[in-house]
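Thank you all for coming; I would like to walk through one structure with you this morning, taking it piece by piece. Please have a look at it first, and then we will start from a single residue.

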Amino acid sequence: MTAAVFFGCAFVAFGPALALYIFTIATEPLRIIFLIIGKSSEGLKSINPGEKAPSMRLLAYVSGLGFGIMSGVFSFVNTLSDSLGPGTVGIHGDPPQFFLNSAFMTLVIILLHMFWGIVFFDGCEKKKWYTLLVVLLTHLLVSALTFISPYSGLNLVLAYIILVLTGIWAFFVSGGSCQSLKLCLLCQDKDSLLFNQRSR
Amino acid sequence: MPEDRCGAGTFGGRVMLTFMASDSEEEVCDERTSLMSAESPMPRSCQEGRQGLENGEGAAQWVGSHQQSKASGQEPESEFGCQDRQRRDERTRGQESEEDHEEDPDRYVCSGVPGRPPGLEEELTLKYGAKHVIMLFVPVTLCMIVVVATIKSVRFYTEKNGQLIYTPFTEDTSSVGQRFLNSVLNTLIMISVIVIMTIFLVVLYKYRCYKFIHGWLIMSSLMLLFLFTYIYLGEVLKTYNVAMDYPTLFLTVWNFGAVGMVCIHWKGPLVLQQAYLIMISALMALVFIKYLPEWSAWVILGAISVYDLVAVLCPKGPLRMLVETAQERNEPIFPALIYSSAMVWTVGMAKLDPSSQGALQLPYDPEMEEDSCDSLGEPSYPEVFAPPLPGYPGEELEEEEERGVKLGLGDFIFYSVLVGKAAATGSGDWNTTLACFVAILIGLCLTLLLLAVFKKALPALPISITFGLIFYFSTDNLVRPFMDTLASHQLYI
């Protein structure tokens, strides 16, 4: 219950999301608007006829991230502010790593929302209804894990496994391939988002 | 505590001080409550509109304005100095009174440049609009952060220590109905004071009592920058138990205040001016948060958005009359305190594009530029150097970078009051605060989008405050208990 716990947990939970925001969204004002409004809408696109409309994938990414950040913030910020105050964690026999577990769980939820957003939008666009069902079911699964299982360690491990699987799925859905991954890792990919800040 | 005495408004000079203080506060609140899009009236030529713009009313779309301003002879550069000063004076004057008036100016749209395809203009408008939305997000967010941080850490601003004389009815009543009635009465009194002051200012302006208004504005900003800062600093030092001797304190406050007066009422680096405007908005919002009783604050917020809507859109509103008067006279409307995010601050037009020396000042604002009541930011005028001729590809970019957006300080203040009240009254709950913050940003965004769609001046308060109020009450009563339970058991949904 110190400042170290506060900052540590805050950065664990929100660091990646913040990094994603800073590197991919903060430089492009329209994307911020999409983030704030929470979801893309045809209306926004129609007001923006001349400009090359942000691709659907970008919108999916931004809105997924937006949902994720809001969900993570709402679930974690009160816990964070309590971590600054006086108290002893786990005095009644609860696990003493309450804050750290919560932070990691929040992180996984944020990233999962982002991937779910990408996959969901793709499913809607290509009318693959089973995609929507799978997204819904995995979301229910992750939440139900936290409800039912008292073992936070197990919850976390399962959630991260689901995160990795969903991440891979989102990667392939948004057009990635093993080839492009290799290029990216070897820094030969000239089209990467970080390379030049353009929407895909 | 001087604020207490001000708030309680006891006798003689104190009452006067309170009156002026509150007056300034309220005027500040009033007049800064709308987004002013710099637009000229449809029927007028853009040239006239440009004139109007310089007066702080509104600008034609930047594209149009460029061409038009080039065509029309804009004020010669040599006049800049005096006009600058005049505007600045008017701006200071405008602070209180202006705010109301400022809402109105800039409600007129000028057609775009002939020859450009409308779609392109709209696209450009929206693109710049998006950029301007972001340019407004940052200062609004900063102001709210300052207010929320202070509320959460400094106890002074959440303690009840009396009320302003404008809200004389107490809320410590036995029954809920009585409390509600008192809060409605408080609101009625405050709004009617605001309306009366606005009308008074319109009258003053109509009869050209500029000096009076100038003096009033300078007095109010003096008070904000010195007295309220001194109190704020005192409370912060008390909270963190930091000892400071009086000489150091006076030196600090003196420097802060003097530089603030110079930056705000005269010339100064843009960033410094922006920072000062954000700080004084935050200080004012804190005063309101402290001295407005709870229910009265919410009802006042709702009422002032309605007032803003009415004053800006009704043809007989005092603000509209003020604008029209100013336009008839081709004068800048009370350059009061507006936050300007224009990127270039050029003292003496140092940055003027040499190729376009002849074209003076440009009404810089693209349609998206909004000044709230206080209109014009004088600083923005000099900053806006003549735009290069349209048609040169590189120059558009240059213009775009130089353009800024303006938002009146009243908007800052009321947004911060809403978020601050949410932070103060929630039971240490951050969800409510964040929800209100997001609501206000959404409202701001939507207001700007509506502005692009309707091409008409719109007040900045109503949408944001409505969303803020809805989000506050629903989050506090529905979401908070739910999220609290979830968080305490580490359940994630």
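This is a predicted model: local features need pLDDT of at least 70, side-chain atom pairs count only at pLDDT 80 or more; totals for chains, interfaces and linings use all residues.

Let me begin with Ala297(B), which, once its neighbours within four places in sequence are set aside, is in contact with Leu292(B) and Lys421(B), contact meaning heavy atoms within 4.5 Å. Residues are numbered from 1 along each chain as its sequence is written, chains are lettered from A and ligands numbered from 1 in the order in which they are written, and side-chain values use heavy atoms, with hydrogens and water left out.

Ala297(B) has its place in helix H11, residues 294–313 of chain B; helices here are DSSP runs of H or I with at least four residues, strands are runs of E with at least two, and both are numbered from the N terminus. Ala297(B) is buried, at a relative accessible area of 1%, where buried means under 20%, exposed over 50% and partly exposed in between, with a 1.4 Å probe and protein chains only. Between Ala297(B) and Ser183(B) there are 114 residues in sequence, yet from C-alpha to C-alpha they are 8.1 Å apart in space.

Now to chain A, which has eight helices and zero strands. Of its 200 residues, 46% are buried, and among the contacts between residues at least 6 apart in sequence, 74% join residues at least 24 apart.

The UniProt record, in an unreviewed entry, places the feature "transmembrane region" at residues 59–78, 98–122, 129–148 and 154–173 of chain A; UniProt positions are given in the numbering used here, feature names are shortened, and annotations may be inferred rather than shown by experiment. In the model, residues 59–78 of chain A are 100% helix and 0% strand, with end C-alpha atoms 29 Å apart, and residues 129–148 of chain A are likewise 100% helix and 0% strand, with end C-alpha atoms 28 Å apart.

Which face of helix H7 of chain A do we find buried, and what does it pack against? The buried residues of H7(A) include Ser152(A), Asn155(A), Leu156(A), Ala159(A), Ile162(A) and Leu163(A). Seen down the axis, the buried residues of H7(A) fall within an arc of 145°, so they line one face of the helix, the arc being that of the directions from the helix axis to the C-beta atoms. Those buried residues pack against helix H5 (98–125) and helix H6 (129–148) of chain A. As for length, the 22 residues of H7(A), 152–173, should span 32 Å at 1.5 Å a residue, and the end C-alpha atoms are 31 Å apart, which agrees; the expected span is 1.5 Å times one less than the number of residues. After H7(A) comes Gly175(A), whose phi is positive, near 100°.

Two residues other than glycine also deserve a remark on phi. Lys127(A), in the loop between H5 and H6 of chain A, has a positive phi of about 60° although it is not a glycine, and Lys127(A) is exposed, with a relative accessible area of 56%. Asn241(B), in the loop between H8 and H9 of chain B, has a positive phi near 55° and counts as exposed at 70% relative accessibility.

Finally, the aromatic rings. A search of the whole structure finds 19 aromatic pairs over all chains; rings of Phe, Tyr and Trp (its six-membered ring) pair if their centres lie within 6.5 Å, and planes under 30 degrees apart count as stacked, over 60 as edge-to-face and the rest as tilted. One of these is the edge-to-face pair of Phe212(B) and Trp216(B), 5.9 Å centre to centre with 80° between the planes. Both lie in helix H8 of chain B, residues 210–239, four residues apart, about one turn of the helix; Phe212(B) is partly exposed at 48% relative accessibility, whereas Trp216(B) is buried at 7%. The rings of Tyr246(B) and Phe250(B), by contrast, have centres 5.6 Å apart and planes at 25°, so this pair is stacked. Tyr246(B) and Phe250(B) both lie in helix H9 of chain B, residues 246–265.
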